[in-house]
Amino acid sequence: MERDALTRADIFCYAKEHFGSEPEYLWARTPESAVLRHADNRKWYAIVMPVERAHLGLPGEGVFDVLNLKCDPALVGALRTRPGFLPAYHMNKERWITLLLDGPVSREEGFQLLEMSYELTKQKMKKASGKQKQP
């Protein structure tokens, strides 16, 4: 693991400190998999899970901890050309990205992307209809 690499513990600590989110472990089949979600709208903004290297298209055996985040579609293609980023695992590949944890993605960049995902998934304010009630 690189010294500045993003870890599962970093993500959970950052999410609790900045967003008040605790990891939720939803699946009995994969008890290490956790989602982070908004308290108000319950939308997921991050998923941390172990995934077999082969399922990620990576050589060798074993698993990687990964982080799935919602991402600005304009960034997805550029990020996927860099080490440590892959097409989203089990998510919309145009709007989500997978980061390999304990690897080349720095904590700082990971936190910036976590912030982006949080913002992209937060509850939208409803537009005023523009119609006013007549007395």
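The largest pocket has a volume of about 330 Å³. A pocket here is an open set of points on a 1 Å grid over the protein atoms alone, where a 1.4 Å probe fits, with protein on both sides within 12 Å along at least five of seven lines. The volume is the space filled by probe spheres set on the points, which are joined across faces, edges and corners. The model is predicted: local features need pLDDT of at least 70 and side-chain atom pairs pLDDT 80 or more, while totals for chains, interfaces and linings use all residues. Residues are numbered from 1 along each chain, and side-chain values use heavy atoms, without hydrogens and water.

Strand β2 gives the most to the lining, with four residues. Strands (E, at least two residues) and helices (H or I, at least four) are DSSP runs, numbered from the N terminus. The lining divides into seven nonpolar, four polar and two charged residues.

Y89 lies in the loop between β4 (85-87) and β5. Y89 and M49 are 40 residues apart in sequence, and their C-alpha atoms are 10.0 Å apart. Beyond four places in sequence, Y89 is in contact (heavy atoms within 4.5 Å) with M49, V51, H55, L56, N68 and T98.

The largest nonpolar core holds 25 residues. Such a core is a set of buried Ala, Val, Leu, Ile, Met, Phe, Trp, Tyr and Cys residues joined through side-chain atoms within 4.5 Å. I11, Y45, L67, L69, I97, L99 and L114 touch the most other members. Elements that give two or more residues include α1 (8-19), β2 (44-52) and α3 (107-121). The largest share, five residues, comes from α1. Leaving aside neighbours within four places in sequence, L114 is in contact with I11, Y14, F19, Y45, A46 and L69. Another core, of nine residues, lies apart from the largest one and includes L56, V66, Y89 and L100.

β1 and β2 run antiparallel, joined by four bridges; pairing requires at least two DSSP bridges. The two strands form a hairpin with six residues between them. R42 in the turn has a positive phi of about 65°. L36 stands opposite A46 in β2. A34 and L36 point one way from β1, and V35 and R37 the other way. All four are buried.

Methods: Buried means under 20% relative accessible area, exposed over 50%, partly exposed in between (1.4 Å probe, protein chains only). On a 1 Å grid over the protein atoms alone, a cavity is a set of points where a 1.4 Å probe fits but cannot get out, and a pocket is an open set with protein on both sides within 12 Å along at least five of seven lines; lining residues have an atom within 4 Å of a point. Ala, Val, Leu, Ile, Met, Phe, Trp, Tyr, Cys and Pro count as nonpolar, Asp, Glu, Lys and Arg as charged, and the others, Gly among them, as polar.
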